[in-house]
Amino acid sequence: MENVTAKPVRVEAPNSFGEIVRVYGNVGAFVRSNLMLVWIALVVLLWFLNPIKALPNPGEVVQAFKHMWNASGSSGLVYNVYVTLKLNVVGLFYSSIISLLVAYLSVIPLFQPFNKLVQWLRYIPIVGFNLVFLTLFTIGWPMKVAMLTTGMTFFLVTSMTGVVAAIPRMRYELAKVLGYNDWQVFHSVVMRPTLPQMIEMIAQNAAIGWVMITAIETYNRTEGGIGSQIYAYSSTNQLAEVYAYLLIIGVIAVLEDWFFVLLKRVLFPHSLLAERA
């Protein structure tokens, strides 16, 4: 009988250049990080060559950074960034508590109409409620926190309610078959499995908050902040300072994204395994 020898299967190494243009291309971490650097370099190059007069060049923005850094008091860069960052964190904290309560209560039929009403309010600009906030709060920090918290709550309730609504009905039925009471069903089926998604929804809400903050601080310019400074510099056509603050918002946004990703990996490491699967 003739011996049959299995031929070794030759596995060809993936072509890195070819892989970067394929759907789910198999590229390593080194190539992936260098791709990011390439894109950043392209954006900076386009910025240097841009023909748009209203967009200051990088040198002008750097000079604006130096000018704002050396400014003292309420015009200073550090002071205004601190004011806005504190407003974002405080608003995010309050809105997260309120929104998660409203979203998780949506599993109880009594609270579902209220949940739906809150979701509909996200279509109304937050400055439309300014008279209500002026009646309830003094103008200044309390009013800004209330406006930001309310605006972020409308969006976080919507996104988190969607996460809760996506839980398969079969899980509720299985828990009831196992004899769970209502609290056990809520804890084991609704709240605990959705905690990793909760981190993602809060991260998205933080980004929405930065969009709202500039409008809120423009409307209520007491105590300064990035929004009030952007309005002031735009009014005097100092565009380099405006774009310097926009770059700062972008850097803070990236850092916030990294923070929430790290927080999710530390608190819920099992969710990362599920995503890779």
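Predicted model: local features only at pLDDT ≥ 70, side-chain atom pairs only at ≥ 80, totals over all residues.
Residues are numbered from 1 along each chain as its sequence is written, and side-chain values use heavy atoms, with hydrogens and water left out.

Gln-119 belongs to helix 5, residues 112–120, helices being DSSP runs of H or I with at least four residues and strands runs of E with at least two, numbered from the N terminus. With a relative accessibility of 10%, Gln-119 counts as buried; buried means under 20% relative accessible area, exposed over 50%, and partly exposed in between, with a 1.4 Å probe and protein chains only.

Next, select Ser-99, which is placed in helix 4, residues 77–104. Its relative accessible area is 0%, and Ser-99 is therefore buried. Apart from neighbours within four places in sequence, Ser-99 is in contact with Thr-153, Leu-156 and Val-157. A distance drawn between the C-alpha atoms of Ser-99 and Leu-156 gives 5.9 Å, although these residues are 57 apart along the chain.

The charged pairs come next. Side chains of opposite charge can pair when their charged atoms come close. How many salt bridges does a search of the whole structure find? The search finds two, a salt bridge being a side-chain nitrogen of Lys or Arg within 4 Å of a carboxyl oxygen of Asp or Glu.

For one of them, select Lys-264 and Glu-200, whose closest N and O atoms are 2.2 Å apart. Lys-264 lies in helix 11 (residues 239–267) and Glu-200 in helix 9 (residues 182–219), so the pair ties together parts that are 64 residues apart in sequence. Lys-264 counts as buried at 10% relative accessibility, whereas Glu-200, with a relative accessible area of 31%, is partly exposed.

Then select Glu-173 and Arg-169, whose side chains meet in a salt bridge at 3.5 Å, N to O. Both residues lie in helix 8 (residues 169–177), four residues apart, which is about one turn of the helix. Glu-173 counts as partly exposed at 38% relative accessibility, and Arg-169 counts as exposed at 57%.

Finally, select the whole protein chain and colour by secondary structure: there are twelve helices and zero strands. The radius of gyration is 25 Å, well over the 19 Å that the globule rule gives for 277 residues, so the protein chain is more spread out than a compact globule; the radius is taken over C-alpha atoms, and the rule is 2.2 Å times the number of residues to the power 0.38. Along the principal axes, the C-alpha trace spans about 95 × 55 × 30 Å.

With the chain still selected, buried residues make up 35% of the 277 residues. Of the contacts between residues at least 6 apart in sequence, 70% join residues at least 24 apart.

How values were computed. Contact = heavy atoms within 4.5 Å.
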